Amino acid sequence: MSHPQEAAEFLKDPAKSKWHDDTLWFIRDKRDKMSHSVPEWEELRELASTIKDNVLGNLADYLEKFERNATKNGIKVHWAANAQEHNEIVLSILKEKECKAIVKSKSILTEECHLNPFLEKNDIEVVDTDLGERIVQFLGQPPSHIVLPAIHLKKGEISELFHEKLHTEKGNEDPYYLTQAARHHLREKFLAAKVAITGVNFGVAETGEFVVCTNEGNADMGVHLADTHIACMGIEKIIPKRTHLGVFLRLLARSATGQNITNYNSHFRSPEAGKEIHIILVDNGRTAQLGRENFRNSLKCIRCGACMNTCPIYRRSGGFSYKSTVPGPIGSILSPGLNLQKHSSLPFASTLCGSCTDVCPVKINIHEQLYLWRQEITKAQGTSVKELSMMLGNGIFKSPLAYNYSGKIMRMALKNLPKSMIYNPLNIWGKQRDLPAVPKESFKEWYQKNRS
Amino acid sequence: MSSRDSILRKIRSLKLDQKPLPEIPDFKGGDNLIEGFSTAILGNKGELLTADELSTKLESGLYPSVYSSVPEFGKFANQALPTDPHSFSKLDLAILKGQFGVAENGAIWLEDSDLGLRAIPFITEHLVIVLDQESLVSTMYQAYDRIGGQHSGFGLFIAGPSKTADIEQSLVIGAHGAKSLVVVLI
């Protein structure tokens with residue numbers, strides 16, 4: 001289904017979609033307040049963007065440097081060309097450790113690679129430990145937002161789910177009570193796991209260390225209790241030097257949730273005595289995107305989700321309407337590169353208002369890339385209805401006679417056409433919209449009467 | 001060809017613009033470090049206590065099982081550092097010393113040598129971090145400048161207790177890690 005069709009599903013519950021809209025806007029507002037409290041905010045964005053320019057121009061060198069330093073520190077480095085290879089590497093480590101159950105903290109990359117279903121098919125129990133991710137995992141859903149995985153759910157739904165899965169009191173919707181139930185349930189999983197998987201926020205070439213940020217502490221809880229830590233990292237997550245973390249960590253949480261910083265920011269450089277750290281560097285379409293000059297900058301993304309929170313379309317259509325691991329504006333410029341056919345409606349799921357570009361902490365020109373993708377897609381799909389109407393318009397504007405008459409016809413038509421012209425399944429834009437009120441006369445007629 | 005080599009070769013085959021790394025200017029941040037840090041810790045839902053207030057709290061017997069790596073509070077500890085962090089699954093309180101704090105966000109830096117075991121600040125039910133107020137720096141820029149090339153296998157910034165807002169954006173303190181963070185500035 002296309003984005004508009006999926007969005008229509010989400011909008012079937014108007015009260016819930018209004019709540020979704022308001023809640024994400026509230027987070028956007030917190031982001032604004034927090035960013036305004038940092039006088040050098042705009043300079044930081046520019047610095048972050050420039051550092052990422054340098055990274056993308058020298059990616060191969062930085063990856064080699066990262067590998068060299070990480071290896072020196074006792075980390076085992078693996079490379080995966082695609083999702084399949086990534087998943088196979090994870091499985092081979094689990095087999096070597098004879099591990100049948102793992103805990104996993106939030107990692108968009110493992111979602112992108114569909115690691116969970118792959119491991120489950122191989123008889124491995126995967127427990128997502130981020131509270132929001134555990135909730136959607138219980139429901140068999142993917143996350144609907146990259147930072148707030150369960151933002152599409154109301155507490156009543158979570159209460160019912162926990163009653164079924166964790167035997168909490170029926171009807172108890174208190175977020176503290178439900179969170180404590182999850183804490184006890186997941187504590188058992190943490191204590192039992194031999195292998196823990198995390199994502200990576202930043203990999204530092206200079207030191208070979210990588211950084212993982214959470215508020216819940218679930219990533220650390222998992223890896224420090226397990227014997228083996230597997231970190232999955234997209235190759236674009238590299239930054240050159242440790243000191244650059246001082247730029248990115250100032251931007252990340254402020255942009256994401258309007259916090260000063262996430263409560264836990266862990267720097268992994270070498271394994272604890274007697275333990276192992278593996279890191280998997282994953283391409284999966286990133287080198288192809290690097291080769292697309294117009295879309296290369298999308299690889300600067302640090303996955304804060306600010307563009308989703310601000311987007312008038314995302315807020316009103318929900319994350320699932322995008323049918324893409326990364327939804328929202330940034331997802332709509334990343335996903336067409338992975339599968340143009342499947343994601344062809346996404347670049348059109350935007351008003352091109354540019355708010356996404358304005359809030360992006362690494363200054364990705366998101367709305368411009370959305371516009372460029374539209375052109376790519378139109379080229380790939382041939383002449384569109386829009387083009388036909390442009391051709392028609394061209395004819396009308398060329399002849400003064402045709403122009404005068406078309407205005408009259410249009411005013412009459414707007415008044416007299418049946419409502420079914422807009423309220424019909426063929427016209428998605430007609431939904432929740434009405435035709436404009438029709439002026440009695442054209443501007444030309446008004447001018448002749450009043451000014452001539 | 002290995003995936004490693006094919007990824008690197010593919011990147012190198014692209015004609016990519018070479019842009020220089022920017023210099024990071026030293027953004028000074030606020031002047032009143034203690035005030036900035038205290039505001040940030042409270043904003044992150046941490047608490048601030050004086051050493052005396054903490055002692056009084058510890059004497060009350062609120063925490064049956066206590067580990068401390070800070071000599072000043074050693075007399076309240078009844079747990080020694082285990083070899084396996086799983087033995088701390090019922091630990092009520094850990095008292096650790098932080099290396100320095102960051103005024104702009106309340107983050108406190110700790111490394112392997114400060115932690116004993118990396119799991120401690122997470123597995124403990126409650127956490128106290130003792131910090132010299134002389135150690136405060138202004139922003140993350142100064143923080144990384146201070147860390148410099150220091151080599152620790154693990155280091156982390158802790159800025160508050162474990163928290164989540166994954167249920168309808170309602171803030172809940174105590175998700176998986178420590179349910180409270182008390183910072184004692186000395």
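This is a predicted model: local features need pLDDT of at least 70, side-chain atom pairs count only at pLDDT 80 or more; totals for chains, interfaces and linings use all residues.
Of the 452 residues in chain A, 48% are buried.

The buried set runs through A:Gly328, A:Pro329, A:Ile330, A:Gly331, A:Ser332, A:Ile333, A:Leu334, A:Ser335, A:Pro336 and A:Gly337. Packed against these residues are five elements of chain A, namely helix H13 (286-290), helix H14 (306-310), helix H15 (312-317), helix H17 (355-359) and helix H18 (366-381). Helix H20(A), residues 400-416, holds A:Ile409. This isoleucine, A:Ile409, has 10 other C-beta atoms within 10 Å and is therefore exposed, given that 12 or fewer such neighbours is the cut-off. Although A:Ile409 and A:Tyr371 are 38 residues apart along the chain, 32 Å separates their C-alpha atoms.

Turning to the meeting of the two chains, 59 residues of chain B are in contact with 66 residues of chain A. On the chain B side, at least two residues each come from helix H1 (3-13), helix H2 (33-43), helix H6 (140-147), strand E7 (154-158) and strand E8 (163-164). The leading contributor on this side is H1(B), with 8 residues. By class, the residues of chain B that touch chain A divide into 28 nonpolar, 21 polar and 10 charged.

Helix H1(B) finds a partner in helix H4(A), residues 59-72: the two axes come within 8 Å and cross at roughly 150 degrees. Since this angle is over 145 degrees, the two helices H4(A) and H1(B) are therefore roughly antiparallel to each other. From H4(A), the residues A:Leu59, A:Ala60, A:Leu63 and A:Glu64 meet B:Leu8, B:Ile11 and B:Arg12 of H1(B). Their contact has 5 nonpolar and 2 charged residues, and no polar ones.

Helix H2(B) also supplies residues to the side of chain B that touches chain A. Within H2(B), the buried residues are B:Leu33, B:Gly36, B:Phe37, B:Ser38, B:Ala40 and B:Ile41. They pack against strand E1 (47-49), strand E4 and strand E10 (180-185) of chain B. Just beyond the helix, B:Lys45 takes a positive phi of about 75 degrees.

Seven strands form an open sheet with mixed pairing, in the order E8(A)-E5(A)-E6(A)-E9(A)-E7(B)-E5(B)-E4(B). Strand E8(A), residues 238-239, and strand E4(B), residues 100-101, stand at the edges with a single partner strand each, so one side of each lacks a neighbour in the sheet. Helix H12(A), residues 245-257, packs on this sheet and touches E5 (202-204), E6 (209-214), E8 and E9 of chain A; its direction makes about 175 degrees with that of E5(A).

Where the sheet passes from one chain to the other, strand E9(A), residues 264-268, pairs with E7(B) in the antiparallel sense over 5 bridges. One of the residues involved, A:His267, has B:Gly155 as its bridge partner in E7(B).

Within chain B, strand E5(B), residues 108-111, runs antiparallel to E7(B), joined by 4 bridges. In this pairing B:Leu110 is bridged to B:Leu156, and B:Trp109 stands opposite B:Phe157. The next pair, E4(B) and E5(B), is likewise antiparallel, with 2 bridges, and B:Gly101 stands opposite B:Ile108. These two strands, E4(B) and E5(B), form a hairpin with 6 residues between them, and B:Gly106 in the turn has a positive phi of about 80 degrees.

How values were computed. Residues are numbered from 1 along each chain as its sequence is written. Chains are lettered from A and ligands numbered from 1 in the order in which they are written. Two residues are in contact if their C-beta atoms, placed from the backbone, lie within 7 Å. Ala, Val, Leu, Ile, Met, Phe, Trp, Tyr, Cys and Pro count as nonpolar, Asp, Glu, Lys and Arg as charged, and the others, Gly among them, as polar. Two strands pair if DSSP finds at least two bridges between them. A residue is buried if 20 or more other C-beta atoms lie within 10 Å of its own, exposed if 12 or fewer, and partly exposed in between; C-beta atoms are placed from the backbone. Axes are lines fitted to C-alpha atoms, for helices over the stretch in contact, and angles run from 0 to 180 degrees between N-to-C directions. Angles under 35 degrees count as roughly parallel, over 145 as roughly antiparallel, 65 to 115 as roughly perpendicular and the rest as oblique.
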